[in-house]
Structure formats: C-alpha cells, structure tokens
Amino acid sequence: MRRVSKIAAAGIATAALALSATACGSTSSEKDKDTSSSSSAGGKGVKVGVAYDVGGRGDHSFNDSAARGIDKAKAEFGGEIKELTAKTTDTEADRVERLTQLAQAGYNPVIGIGYAYANSMKQVAAKFPKTSFGIVDSVVEGANNVDNIVFTEEQGSYLAGVAAALKTKTDHVGFIGGVDVPLIKKFEAGFVQGVKDTKPGVKVDPQYLSHGSDTSGFASPDKGKAAAQGMLDNGADVIYTAAGSSGNGAIEAVAGKKGAWAIGVDSDQYNQASLAKYKASILTSVVKNVDIGVYDLVKSVKDGKPLTGTNSYPLAKDGVSLATSGGFIDDIKAKLDEAKKKIVDGQIKVKTTP
C-alpha cells in the first residue's frame, strides 16, 4: 500500500511536538476546541478532526506547527475544525476513543499528531474505511486510508550540531530529549553526529526527561529547566532541546546564563511571542514543518484525491530546516550550507540512532 513519497506544492507557513474539549469524558481536556464556521454549510469547505499530542495547541513547538497547517487549510478552504488534546495519563483506550469520536462525527480527514497514535489509528482506520486518516511521525502498516507523514529529524538536528560545535566556547554542549523513544533518539543521533563531525573534541551531554510510556517529558517545563540548569552548571554553553513544551523551561534556564545558547525545535522559537524575553539566547531552531504535511493531507481530501502511504518530508524539500531568525548563525552560514549540501547530495549519511 505504500506509495512513492511526494510533496504537494503547498507553501510553508513556518514550522509545532507532543498528544489531543468537549463531552468525551475522561479523555477530554480544557484545551479541546470546536472551531467551526458557517462556511462548511452546504457541503462546502473542509471538516477536519485533529487529535493533538500532549501539550496541544499552544505548546510553542510540535503541536503548534501542526496547528499552522490546519489554520492555513481552514483559511483557504473554509469549513470546520475539531481539536482534541491528549493527556499524559492517556491509555491506548483513550486514544482509540478520541479518534473514534472524530470519525463517528464525520470529520474527514482525522489526523493524529504524534507517534503515540499509531496503534490506535490502525484500529480505528480499519473501522472507518471511507474516512481518510493522517498520522505525524509514525507509519501505520497495512492501512490503505492512512497518510503517514514523516520527517528526517536527524538531518535538521545534524545542522544544529554543526552550529553548536561552531558556537560553543567551552567545548561542552547538551541535548535534552522529552522521552527516550526512537523518534527523539533521531534528534539526538543527528545532533551528536553534527557536533562530532565538526569538532570531535566537543563533549555532548544527553539527558531524557521521561521514559517509556511516560510522556510527561513533553509537557513539563520545570523538568526541562532543571535539566538545562544542571548542564549549564556542569559547563555546557549550548543546549538543544527536543521535548515539546518542556523546551520552554530549558530556554528559560539558558537565558539566565550569560554567553549560553539555546537551540529550539519544531517551530522557530525565536519568533514565539511567549518566549520573546528569551529570544536573545535562542541561537536557532530545528524547524520541522509539520504544517506542510498536515496541509497537504487536508488539501488532498478536499480535492478528492486523499494522500495515502508514506510521504516523507526531508531536508532536501524543506521538510526540516534551520531557522535564521535573529541572525545569530549568519557568521557560520557558509559552513552550514556546506553541511546541508553534503547531506542532500548523499555525501553525509546521518544516523538515526545514537
């Protein structure tokens, strides 16, 4: 069922991680929204159901990137959007219920933001074969009505590693991951390789905020702040965090250390209003353009030609990129461009595991 990966010409609305309010009982959240509009009347517009990862819309990272794609689609096509947000205490049954609720209500497509929806989506997609589903950051095998939206996080993270190696003054940098799952280990692997390929003597400290099925590491700014502070106290002066809204705490800690740099993730965190007072310390961000993949799926359903199979958004097609806001990496642009070219040309093979 897997088709050749493709990218629709949908322009970038700039790059938001982590899982997805109304009458859904224990699986509902105060963040859940029904953003319907009259433009959906008479069968016009789109009717999109979104199940966010923990943190939901407003996490200034992964989920917000997805939300930009949803907002772009609604602005362009009109229609109705239903948004549900996961909790850190979710069980598989909760996720199944959330996706089922959206599908039963007639939303099409139904999109799960985050790898945690993979198993539940496989179950629910089989029960609603006429509904198009999409999942970000995972691949649901054996389903012909699912668009698997994946990215080369390791490639963007490699560039972040190059930047960190060139900017560190102490030859000591850190990586903070939300949860020690394969997806986040891709971020670590690319970052470490980028650092070591650029400057082998630089020390890299990796740390994860939660483990296994505990997803609290994606929505705990206090944990992010504590982890970053520990790294700073040990001599690190550049810290890259791939941990959803927990990264906000890490950025806060870095901003309190003169001469230290934070590297954001998923969205261009320099431009996040809620982080404005820290932006002088945000060196760059590894932008994962989830918005493009989400928009592409909605548009394909609107056009009557739903995307299915695995559709990959790599560095070569701006699926991931390194933000330049603030101008803090302008002085190393030539070296970053050189590294990017080598990745795109295949001269550099970026690892996906540490």
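Author: K288 is buried, at a relative accessible area of 1%; buried means under 20%, exposed over 50% and partly exposed in between, with a 1.4 Å probe and protein chains only. This is a predicted model, in which local features need pLDDT of at least 70 and side-chain atom pairs count only at pLDDT 80 or more, while totals for chains, interfaces and linings use all residues. Residues are numbered from 1 along each chain as its sequence is written, and side-chain values use heavy atoms, without hydrogens and water.

Reader: With which residue does K288 form a salt bridge?

Author: Side chains of opposite charge can pair when their charged atoms come close. The criterion is a side-chain nitrogen of Lys or Arg within 4 Å of a carboxyl oxygen of Asp or Glu. Here the partner is D137, with the closest N and O atoms 2.8 Å apart. D137 lies in the loop between β5 and β6, and K288 in strand β11, 151 residues apart. D137 is also buried, at 10%.

Reader: Which strands pair with β7, and by how many bridges?

Author: Two strands pair if DSSP finds at least two bridges between them. Helices (H or I, at least four residues) and strands (E, at least two) are DSSP runs, numbered from the N terminus. Strand β7, residues 172–179, has seven bridges to β8, in parallel, and five to β9, also in parallel. V173 stands opposite V204 in β8, while G177 has A242 in β9 as its bridge partner. In a regular strand the side chains alternate between the two faces of the sheet. In β7, eight of the eight residues are buried.

Reader: Which residues have the most contacts inside the largest nonpolar core?

Author: A nonpolar core is a set of buried Ala, Val, Leu, Ile, Met, Phe, Trp, Tyr and Cys residues joined through side-chain atoms within 4.5 Å. In the largest, of 86 residues, they are I113, F133, I184, F191 and I263. A second, separate core has 19 residues, including L209 and M231. Over the whole protein, 59% of the 354 residues are buried.
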